[in-house]
Each structure stands twice: as structure tokens, then as C-alpha cells.
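Work through the exercises below with the model open. Each task is followed by a stepwise solution.

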Amino acid sequence: MTEKLQYEVLKTFPGFEIRRYPDYLLVQVHTTGEFKQASYSGFYPLLNYISGGNQSETKIAMTAPVLQESKNTNEHVISFVLPESVSPESIPVPKDSRLETKLIKAHDVAEIGRAHV
């Protein structure tokens, strides 16, 4: 089963909920082009990274979700959330210079359309 990014539901409202996410790690790539094409071109370098294409040749389990953030209509950031078992001290260094790793600190978000009221 694919590991999912864990969160705590703080409060539920009609149509949305407030969630608290703990610290987590990303591996990400910046891409350009149309949204759909950017997601394809960004996915494969990330897949290669978790398949052992990193300096320590460590294989990393796939997690959900895959994140895509549009900076504007032509610039996007595609990210894989790394499993909870990967720590900032143990995160494999990417071989691909287009990839970067990033620690996301704990934060709260509003998730629209997922609340069950």
C-alpha cells in the first residue's frame, strides 16, 4: 500500500476542514510548459530519484500525493513527498542537478471539498 502524508483534522466545517501537517520532506523539480506537459516532464526525474537514481543509489517507496504547484501559466514545481522513514539527516542527495530536496515545516491548511459533514 502507498504511504500517504499524515495529518490531523483540527476542525470540520461544511465543505472544508482545517488540517495540521507535521514536518515532511520533498524532492522536487522545476519545469516549464503547459500544465499537463509539465507534470509529465517533472514526474520522470522524480521517479528516477526514488528508483535509486540518487548518489547513494537508495530506493525509496512511492508516496501520495504527488504535488504540482503552478508559479504562473508556464512555470511549475512537481514534488514527491518522501516517506516518513526518510529523515533530513538520511535524505539521499540527487544525482540529477535539476532536483532539490526541501524540508517543509509543520503547518495548518484548509482543505476544500474533502470534509465529511
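Buried means under 20% relative accessible area, exposed means over 50%, and partly exposed lies in between (1.4 Å probe, protein chains only). The model is predicted: local features need pLDDT of at least 70, side-chain atom pairs count only at pLDDT 80 or more, and totals for chains, interfaces and linings use all residues. Residues are numbered from 1 along each chain as its sequence is written, and side-chain values use heavy atoms, with hydrogens and water left out.

**Exercise 1. The fold**

Task: State how many helices and strands the protein chain has, and give their pattern.

Solution: 
- Step 1. Apply the DSSP rule: helices are H or I runs of at least four residues, strands are E runs of at least two, and both are numbered from the N terminus.
- Step 2. The protein chain then has 1 helix and 9 strands.
- Step 3. Along the sequence they read β-β-β-β-α-β-β-β-β-β.
- Step 4. The C-alpha trace spans about 45 × 35 × 25 Å along its principal axes.
- Step 5. Of the 117 residues, 33% count as buried.
- Step 6. Contact means heavy atoms within 4.5 Å. Among contacts with a separation of 6 or more, 69% join residues 24 or more positions apart.

**Exercise 2. Salt bridges**

Task: Find the salt-bridge partners of Arg19, Lys95 and Lys71, and classify the exposure of Arg19.

Solution: 
- Step 1. Set the cut-off: a side-chain nitrogen of Lys or Arg within 4 Å of a carboxyl oxygen of Asp or Glu.
- Step 2. Arg19 pairs with Glu17, with closest N and O atoms 2.7 Å apart. Arg19 is buried because its relative accessibility is 6%. Glu17 is also buried, at 6%.
- Step 3. Lys95 pairs with Glu57, at 3.7 Å between the closest N and O atoms. This pair links distant parts of the chain, 38 residues apart: Lys95 sits in the loop between strand S7 (75–81) and strand S8 (99–104), Glu57 in the loop between H1 and S5. Glu57 is exposed, since its relative accessible area is 56%.
- Step 4. Lys71 pairs with Glu69 (3.1 Å, N to O). Glu69 is partly exposed at 42%. Lys71 is partly exposed at 47%.

**Exercise 3. Backbone geometry**

Task: Which peptide bond is cis at Pro65, and what is the phi of Glu57?

Solution: 
- Step 1. The bond from Ala64 to Pro65 is cis, with omega near 5°.
- Step 2. Pro65 belongs to the loop between S5 and strand S6 (66–72).
- Step 3. Glu57 has a positive phi of about 55°, although it is not a glycine.

**Exercise 4. A buried threonine**

Task: Is Thr63 buried or exposed, and what does Thr63 touch?

Solution: 
- Step 1. Thr63 lies in strand S5 (residues 63–64).
- Step 2. Its relative accessible area is 7%, so Thr63 is buried.
- Step 3. Leave aside neighbours within four places in sequence. Thr63 then contacts Thr2, Glu3, Val81, Leu82 and Pro83.

**Exercise 5. A nonpolar patch**

Task: Which residues form the nonpolar patch on the surface, and which helix gives the largest share?

Solution: 
- Step 1. Patches take residues with over 30% relative accessible area and no salt bridge; like charges are joined within 9 Å, nonpolar side chains (Val, Leu, Ile, Met, Phe, Trp, Tyr) within 5 Å.
- Step 2. Areas follow the Shrake-Rupley method with a 1.4 Å probe; for residues, only the protein chains shown count as cover.
- Step 3. Tyr40, Tyr44, Leu47, Met62 and Val66 form the patch, with about 450 Å² of accessible area together.
- Step 4. Helix H1 (residues 35–50) gives the largest share, 3 residues.
- Step 5. Tyr44 is in helix H1. Tyr44 is exposed because its relative accessibility is 53%.
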